[in-house]
Amino acid sequence: RGELEAEALPQVGAYERFKATSDASEMLECINAGRLPHEVVTAHIPNEPQLWTAAMYQMPIFALLRNLVTLYRHNVFEDHESAQYVRQTLTDPKRIAGSRLFPFRFLAAAQQAAKQNLPAAITQALESAVELAVTNVPVLPGRVLIANDISGSMSAELSEKSDLTAADVAGVLAAALYKRCEQAQIVSFDQSAHPREHLGGRGILEIAKLVSAY
């Protein structure tokens with residue numbers, strides 16, 4: 001209502017300047033100075049890698065996962081430092097734990113990254129993040145039976161934009177629980193029960209692939 005000058009709040013002031021300009025250099029200054037969140041800038045910035053790079057540094061991990069392909073299309077990963085930032089973020093145990101994301105989120109991103117031909121190092125970092133995200137899965141005490149559905153209906157993809165199926169998600173969560181619980185047994189089921197044996201010592205992705213098979 002005109003009661004507060006925009007300059008009184010640096011972030012508000014930076015956002016007002018950002019909206020009022022079409023100059024890429026000034027946009028970059030506003031993003032960095034105001035630490036403007038990606039939600040308010042990505043819809044307005046042109047195809048300038050430096051602007052998308054600046055927006056990337058303001059993204060929490062979930063937003064980063066959802067925007068990896070977009071960042072790639074805007075040539076952000078041609079800069080070694082930017083690509084290294086993404087790899088380090090996705091392989092940082094503290095950052096992954098702080099995200100509280102379950103492993104299947106990183107698996108979905110890894111599949112999409114491979115499909116869109118993102119740099120192999122980023123896809124590998126996403127696969128590492130799947131393993132690290134096991135710590136975000138709760139530990140169930142005592143003897144635990146994990147039953148994942150592999151019936152025909154589970155072959156449906158989660159969305160039009162994802163190659164991940166419901167069986168994939170169930171398999172990853174089953175694998176993560178198996179790794180977290182001291183006494184666990186996985187039994188996959190469709191019309192019959194399929195006990196899964198000899199899973200010890202395997203990684204999340206390998207276990208998930210084995211228990212998701214029909």
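Me: How much space lies in the largest pocket of this model?

Reply: Rolling a probe the size of a water molecule over the atoms shows where empty space is left. In this structure, which is a predicted model, the largest pocket holds about 590 Å³ of space. Its lining is made up of 16 residues, and those closest to the centre of the pocket are Leu65, Arg66, Ala108, Gln112 and Lys161.

Me: Which elements give two or more residues to the lining of the largest pocket, and which gives the most?

Reply: Two or more lining residues come from helix 5 (61-73) and from helix 8 (103-115), and of the elements in the chain it is helix 8 that gives the most, with six residues. Sorted by class, the lining of this pocket has ten nonpolar residues, together with three polar and three charged ones.

Me: How many helices and strands does the chain have, and what pattern does the chain follow along the sequence?

Reply: The chain has eleven helices and three strands, and, read along the sequence, they follow the pattern α-α-α-α-α-α-α-α-α-β-α-β-β-α. The radius of gyration of the chain is 21 Å, whereas the globule rule gives 17 Å for 214 residues, so the chain is more spread out than a compact globule. Taken along the principal axes, the C-alpha atoms fill a box of roughly 65 × 35 × 30 Å.

Me: What share of the residues is buried, and what share of the contacts joins residues 24 or more positions apart?

Reply: Taking buried to mean under 20% relative accessible area, buried residues make up 40% of the 214 in the chain. Among contacts with a separation of 6 or more, 59% are between residues 24 or more positions apart.

Technical notes: Residues numbered from 1 in each chain as written. Predicted model: local features only at pLDDT ≥ 70, side-chain atom pairs only at ≥ 80, totals over all residues. Heavy atoms only, no water. 1 Å grid on protein atoms, 1.4 Å probe; cavity = no way out; pocket = protein on both sides within 12 Å on 5 of 7 lines; lining within 4 Å. Points joined across faces, edges and corners; volume = space filled by probe spheres on them. Helix = DSSP H or I, 4+ residues; strand = E, 2+ residues; numbered from the N terminus. Nonpolar A, V, L, I, M, F, W, Y, C, P; charged D, E, K, R; others polar. Rg over C-alpha atoms; globule rule 2.2 N^0.38 Å. Buried < 20%, exposed > 50% of the residue type's maximum accessible area, 1.4 Å probe, protein only. Contact = heavy atoms within 4.5 Å.
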